[in-house]
Amino acid sequence: MPWEKGSDMTEAGPGERIEDQSLGELVAQASSGISKLIRAEISLAKMELKVDARKAVIGGALFFVSLAVFAPVIIFLGLALAYGLMELFDMWAWLAFLTVALTYVAVAVLLGVVGVLVVKRIRGAQRTRRTLGDLPKAWQHESDKPAIAQTD
């Protein structure tokens, strides 16, 4: 029976047609569907953001560990390069070290620009934004559209 606990009045029963439902039941059914849709969208957004956040944390941690390991190597390579320039090209010591330092600056600027370009390409929660963009179209009724298209 519809009034018994646990029965769902928002769906048509086995021998009942949806046309036989009252307006209140149909509104309740639509409201329930919208509520489920919104919960699903929120769940999808959370899932996508968690995945993106996890990747960002792991990537950042690996990046900083690699810097910590590689930093002393860079120092020793710079010293070797400066002494090599002094020996091969008979450069003054200050000029050899300045050349190495300017080379490091150029490489750092190049890597920084590439890093900024990579970060700008992050597009988190794409599916959520796409499906949220479809919601207004789903709720628009045929009679809501203008009869004559406006032109500029």
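Phe-97 is partly exposed, with a relative accessible area of 32%, where buried means under 20%, exposed over 50% and partly exposed in between, computed with a 1.4 Å probe on protein chains only. The model is predicted, so local features need pLDDT of at least 70 and side-chain atom pairs count only at pLDDT 80 or more, while totals for chains, interfaces and linings use all residues. Residues are numbered from 1 along each chain as its sequence is written, and side-chain values use heavy atoms, with hydrogens and water left out.

| Pair | Centre to centre | Angle between planes | Class |
|---|---|---|---|
| Phe-63 and Phe-64 | 5.4 Å | 70° | edge-to-face |
| Tyr-83 and Phe-97 | 5.6 Å | 85° | edge-to-face |

Tyr-83 lies in helix H1 (residues 23-89) and Phe-97 in helix H2 (residues 93-120), so their pair ties together parts that are 14 residues apart in sequence; helices here are DSSP runs of H or I with at least four residues, strands are runs of E with at least two, and both are numbered from the N terminus. Tyr-83 is partly exposed at 49% relative accessible area. Phe-63 is likewise partly exposed at 47%, whereas Phe-64 is exposed at 56%.

An unreviewed UniProt entry places the feature "transmembrane region" at residues 56-85 and 91-119, in the numbering used here and with feature names shortened, although annotations may be inferred rather than shown by experiment. Residues 56-85 are 100% helix and 0% strand, with end C-alpha atoms 40 Å apart, and residues 91-119 are 93% helix and 0% strand, with end C-alpha atoms 40 Å apart.

Definitions and conventions:
Phe/Tyr/Trp six-rings, centres within 6.5 Å; stacked < 30°, edge-to-face > 60°.
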